[in-house]
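Please look through the structure shown here before reading on.

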Amino acid sequence: MRAKITYAITAAVLVVYFVLVGSRGVMLIQSGTVLTVTFGVAVLILPVIGLWFLWKNTQFVRRANALAAQLDAEGGLPVDELKRTPGGRIDRDSADEVFAKRKAETEEAPDDWRSWFRLAIAYHDARDTPRARKAMQRAIALHDGKMIEA
């Protein structure tokens with residue numbers, strides 16, 4: 001729940017920022033000179049890109065959470081078997097061992113979204129965020145019945 005609140009606050013702050021930046025862009029365009037109109041249009045592009053990114057990221061998180069809820073209802077969420085340091089951080093060797101299991105599971109069932117979901121968690125635990133995101137995108141696509149490139 002804490003993560004959802006943090007995400008909502010961050011998204012709200014970003015939207016306020018985009019509105020402020022957009023208003024500056026409109027003010028520049030209203031000035032009417034070639035230079036200020038050009039800068040105004042350029043400034044307006046930034047909030048549009050930001051809003052698009054925020055929307056896509058929110059959709060990704062919602063879909064991943066829906067998969068997690070479904071997997072939890074099925075009793076298929078991976079058990080946290082990771083060793084931790086005294087400070088609470090995940091032990092790297094432990095994460096690598098779990099990752100090897102999850103990778104083998106995914107290689108045995110490459111069309112099963114559940115194995116890709118668990119692999120995404122293993123990538124995340126191994127601190128490989130880009131691959132975690134790609135594995136989760138693959139899980140979402142397989143769940144939704146969409147074909148994607150490997």
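What follows is a description of a predicted model, going from the whole protein to single residues.

## Overall fold

The protein contains 5 helices and 0 strands, and along the sequence these elements follow the pattern α-α-α-α-α. Its radius of gyration is 21 Å, well over the 15 Å that the globule rule gives for 150 residues, so the protein is more spread out than a compact globule. Along the principal axes, the C-alpha trace spans about 60 × 40 × 25 Å.

Of the 150 residues, 30% count as buried. When contacts with a separation of 6 or more are considered, 49% of them are accounted for by residues 24 or more positions apart.

## Helix 1 and helix 2

Helix 1, residues 2-31, packs with helix 2 at an angle of about 160 degrees, and their axes are 7 Å apart. Because angles over 145 degrees count as roughly antiparallel, helix 1 is placed in that class relative to helix 2. The crossing of helix 1 past helix 2 is left-handed, and the residues in the contact of these two helices comprise 17 nonpolar, 9 polar and 1 charged.

## Helix 3 and helix 4

Helix 3 covers residues 92-108 and helix 4 covers residues 113-125; their axes come within 9 Å and cross at roughly 160 degrees. The two helices are therefore roughly antiparallel to each other, and helix 3 passes helix 4 in a left-handed crossing.

On the helix 3 side, the contact is made by Ala-95, Phe-99, Arg-102, Lys-103, Glu-105 and Thr-106, which meet Ser-115, Trp-116, Arg-118, Leu-119, Ala-122, Tyr-123 and Asp-125 in helix 4. By class, the residues of this contact divide into 6 nonpolar, 2 polar and 5 charged.

## Helix 4 and helix 5

Helix 4 also packs with helix 5, at an angle of about 165 degrees and with the axes 8 Å apart. This pair, too, is therefore roughly antiparallel, and helix 4 passes helix 5 in a left-handed crossing.

In helix 4 the residues Trp-113, Trp-116, Phe-117, Leu-119, Ala-120, Tyr-123 and His-124 take part, and they meet Arg-131, Ala-132, Ala-135, Met-136, Arg-138, Ala-139, Leu-142 and His-143 in helix 5. This contact has 11 nonpolar, 2 polar and 2 charged residues.

## Two arginines in loops

Arg-89 lies in the loop between helix 2, residues 34-74, and helix 3, and at 53% relative accessibility this residue counts as exposed. Leaving aside residues up to four places away in sequence, Arg-89 touches Lys-83, Arg-84 and Arg-127.

Arg-127, one of the residues touched by Arg-89, is found in the loop between helix 4 and helix 5, the latter being residues 129-144. The phi angle of Arg-127 is near 65 degrees, a positive value in a residue other than glycine. With a relative accessibility of 44%, Arg-127 counts as partly exposed, whereas Arg-89 counts as exposed.

Note on methods. Residues are numbered from 1 along each chain as its sequence is written. This is a predicted model: local features need pLDDT of at least 70, side-chain atom pairs count only at pLDDT 80 or more; totals for chains, interfaces and linings use all residues. Side-chain values use heavy atoms; hydrogens and water are left out. Axes are lines fitted to C-alpha atoms, for helices over the stretch in contact, and angles run from 0 to 180 degrees between N-to-C directions. Helices (H or I, at least four residues) and strands (E, at least two) are DSSP runs, numbered from the N terminus. Angles under 35 degrees count as roughly parallel, over 145 as roughly antiparallel, 65 to 115 as roughly perpendicular and the rest as oblique. A crossing is left-handed if the near helix is turned anticlockwise from the far one by less than a right angle, and right-handed if clockwise. Contact means heavy atoms within 4.5 Å. Ala, Val, Leu, Ile, Met, Phe, Trp, Tyr, Cys and Pro count as nonpolar, Asp, Glu, Lys and Arg as charged, and the others, Gly among them, as polar. The radius of gyration is taken over C-alpha atoms; the globule rule is 2.2 Å times the number of residues to the power 0.38. Buried means under 20% relative accessible area, exposed over 50%, partly exposed in between (1.4 Å probe, protein chains only).
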